[in-house]
Amino acid sequence: MKPTYLTRRKALQSIGGGAALLGTGVLFGGCGGDDDDSGGGGTDIVDTRPTPVPSVVAKKGGTLKVAMAADPTGLDPSTSRGGGDHNWLYSIFDNMVNNDAKFQVAKGIAEKWEAIDDLTISLTVPQNQFTYHDGTPFSIDDIKYTIERHLDPATKSFAAGSLSSVDKVEIPDSTHAVIKLKTITASIYTILGDRAGMVMSPVPTKKGGADFTNRPVGSGPFKLDAWAVDAQTKLSKFANYRIKDYPHLDNIDIQIVPNSSVRFANLRSGNADLIFVDPKDASAAKSDSAVQFVQYPSTGYTQVNLNISQPPLNDIRVRQALTYSLNRKAILDGIYFGVGELANGPITAASWAYNQSLKPIEEDLTKAKQLLSAAGHANGLTFDLLITSGETDVPLSAMLKSQWARVGINVNLVSRTAEQATVEYRDQKFPMFLVGFSGRADPDLTIFDNFHSKGAFNRASFNKSYTLEESQVSLDAKILKARQIYDQAQRKVFYDDIQKQLVENAHGIFFTHNLNLVGMSKRVRGFTPYGDGKLRLHELWLDS
Amino acid sequence: MSGYIVRRALNAIPVLIFVSILVFALTNVMSGDPVEAISGGSEASLTPEAIDQLREELGLNDPLPVQYLNWLRAAVSGDLGKSITTNRPVTEAILDRLPTTLQLALVAWFIGVSISIPLGILAGVNRNTWIDHLATVLALGGVAMPAFWMGLMFILMFGVWWQVLPPSGFVSVFDDPAQAAKYLVLPAVTLGLHQTGSLTRQMRSSMVEVLSQDYVRTARAKGLKERRVIIMHGMRNAMLPVLTVLGLQAGALVGGTVVIEQVFAIPGMGRLALTSVLSQDIPVIQGVVLVSAIAVLTANLVTDLLYGVLDPRIRHGR
């Protein structure tokens, strides 16, 4: 690669990126699971996804070099738990069905999927003469095995919850699997396109035992050759892959580079072909002629998560005062370098359920003060905000504190490690927690878990003395209804209403919608931007 | 001498036990339940039954003293348990990482010594001249500049602008010495430069003190060449206090690698320590601290033995 030479502007730009790390540069190694990621995501360009050029024939061979922030938490689809794991898993395992870039169901090993009735779906796998990486032949029974393995408490699968509505799996013949549901589950295909639907065989999983997570055997386009923890994983093309002449690459080498500035340095110097770009490096990536920079809507959003069972947040007026007293544009520009969109709720433009007509809440300090006064806090009130010591969260929490102080809301910032914060928040020790959410391919998986009174990520659901407020009762009913409708247009009507209610009744304080930011070297081709932000590395090829 | 080494090694055992109890108590008191933390901090979640089962399997339902004794019993036989997050044996993880950190620390230490000893001598010999002032500025600069920032600047200059060295990563010297050198230069220089400050200042003041001693005046009066006076009479005597700092710095290097390994994406003990602390992986934290404590104790022991080499009075027990 032709070396780039220093200009004063470049030097200042780069040093700015480095200086942004002052004081925090070594403390973000543990940000693995992406539930808690609150990364930002541009206001000017919303979607720069490249238009696919089908006429170009993919070139064969080559090694793709990727730099990631952290190792996967494991490579067993059941026992791994991080959102970043999919960047590996999608290349190693085949899914029963897939989610396409617009979150519509697409072919996996099943070429056909149909709802026989509301509680029965059938998957058809006509081409079933393929093997796993270790040579074990695929059997249609593996679909049954995979789902039952997740549901078996002994597996301790992190995907068991998403499959809780599955009653049983029946195998009527060698090309069909029938999944019986206990309740109507509109998101079932999305779930099967995620880790729960990654096909495994009992032979290698039982042989691998507890070590299967370190030496996974799937039937995907790439197999794992080596994994040096915290350093590098090497994947190579699976020669007997079920789709002929696929994949295009020979190898994928993924290095672990925890520091975002150093990852960007690796991309600029040609030592990496693909990275996730940090918002602070976005403008430098856009202007670097040696880099392909792509930004596109993500399902993730930034927020303060509220436990509405806890005083003073059990008073809707206090929550509304919190949301009306914020200047979201200042947050987007000051904290996220202007990379992202102002949030109008938890569903982003990456989803078909995005409510385009809903406007983000605008700052209204007078209204906020009136609300506080009506709630009996005319002289102000003080409570805790739980934060983690992340690169973004520390300055963001300071900005929130100063913005809220303008209307008399004084928050004490209490810092914990990400893991500890999650546990203490669940244990009702704090009323609110500054933590983003990565979002899910299906709106139900975001909405139910976060905002239904029984949702797994709704910390109010862990409060035994929680008495549902009126608005929560009506919200619960709408959420349950929306998840039981298979027709997407009909579902969207419900989600539009749910989002409006979530914002107006302040079930969360939403700031920004993230963008996925990906930087690639000029030789990378075949990139499809999936809104879930998870890379399908096996789809890529190299032009040289 | 061998009796002395054995005695010192035996003295280290209670220190190690104390360190392990302290770490065990602190991690348990401060971190809470690691299984809850893993489950709660994940994208997906475990069912309550699975959480209970996992806790039972990991022995986390036992009282803390029982957990500690079980750990100690296994540790004595070389089994440091399994990582809660990766399910890999801790001993294997440490043995994978230790050579990496040792390579980095040794080269950094060598660079630090190679710069600071001559610089300290030059400053001491040329006291209150521009050479002395320059050495002071360089030494203080090394201490004052945060290691991670210095590392990022090196990456920017040598990795991105001039593209003469890889920005990050690691290759073992046992796999490919030439590549290893390329990857080690930036992190080792960063870590080494960070060590030079205190060492240069110590060497300088030690040199100034020794050069004002009577035996140095006598050596000069005998007509010895200045070079010989400085090296044989000055430097050798000035090295004793410097050696103490060198020994202490070996311990500091273990800590310094945490930052450097994180910046330069080096899979060493420092990264292992950081990731295990952040994920509350108690067996790994225990293992890393134990091995680090052994490393520091060994460095101190070697320092003590070197006193004997440099000063025969110590060797002969006078």
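This is a predicted model: local features need pLDDT of at least 70, side-chain atom pairs count only at pLDDT 80 or more; totals for chains, interfaces and linings use all residues.

Reader: What makes Glu469(A) and Arg319(A) a salt bridge?

Author: The cut-off is 4 Å between a side-chain nitrogen of Lys or Arg and a carboxyl oxygen of Asp or Glu. Here the closest N and O atoms are 2.9 Å apart, so the pair counts as a salt bridge by that rule. Glu469(A) sits in the loop between H13 and helix H14 (470–482) of chain A, while Arg319(A) belongs to helix H8 (residues 316–324) of chain A, so the two tie together parts that are 150 residues apart in sequence.

Reader: How many salt bridges are there over all chains?

Author: The structure holds 31 of them over all chains.

Reader: Why are S4 and S6 of chain A called edge strands?

Author: Start with the order: S4-S5-S7-S6 in chain A, an open sheet of four strands with antiparallel pairing. Strand S4 (112–117) and strand S6 (166–173) each pair on one side only, and that makes them the edges. On average, neighbouring strands of this sheet are turned by 20° against each other, ignoring direction.

Reader: How do you know that S5 and S7 of chain A pair?

Author: Two strands pair if there are at least two bridges between them. Strand S5 (residues 120–124) and strand S7 (residues 176–181) of chain A are joined by five bridges, so they pass that test. They run antiparallel, and one of the bridges links Leu123(A) with Ala177(A) in S7(A).

Reader: Which helix lies across S6 and S7 of chain A?

Author: That's helix H3 (residues 141–151) of chain A, running at about 165° to S6(A).

Reader: Which parts of chain A line the second largest cavity?

Author: Strand S12 (291–306) and helix H13 (443–451) of chain A each supply at least two lining residues, with S12(A) giving the most, four. The lining includes Gln303(A), Phe451(A) and His507(A). By class, the lining has four nonpolar, seven polar and no charged residues.

Methods: Residues are numbered from 1 along each chain as its sequence is written. Chains are lettered from A and ligands numbered from 1 in the order in which they are written. Side-chain values use heavy atoms; hydrogens and water are left out. On a 1 Å grid over the protein atoms alone, a cavity is a set of points where a 1.4 Å probe fits but cannot get out, and a pocket is an open set with protein on both sides within 12 Å along at least five of seven lines; lining residues have an atom within 4 Å of a point. Ala, Val, Leu, Ile, Met, Phe, Trp, Tyr, Cys and Pro count as nonpolar, Asp, Glu, Lys and Arg as charged, and the others, Gly among them, as polar. Axes are lines fitted to C-alpha atoms, for helices over the stretch in contact, and angles run from 0 to 180 degrees between N-to-C directions. Contact means heavy atoms within 4.5 Å.
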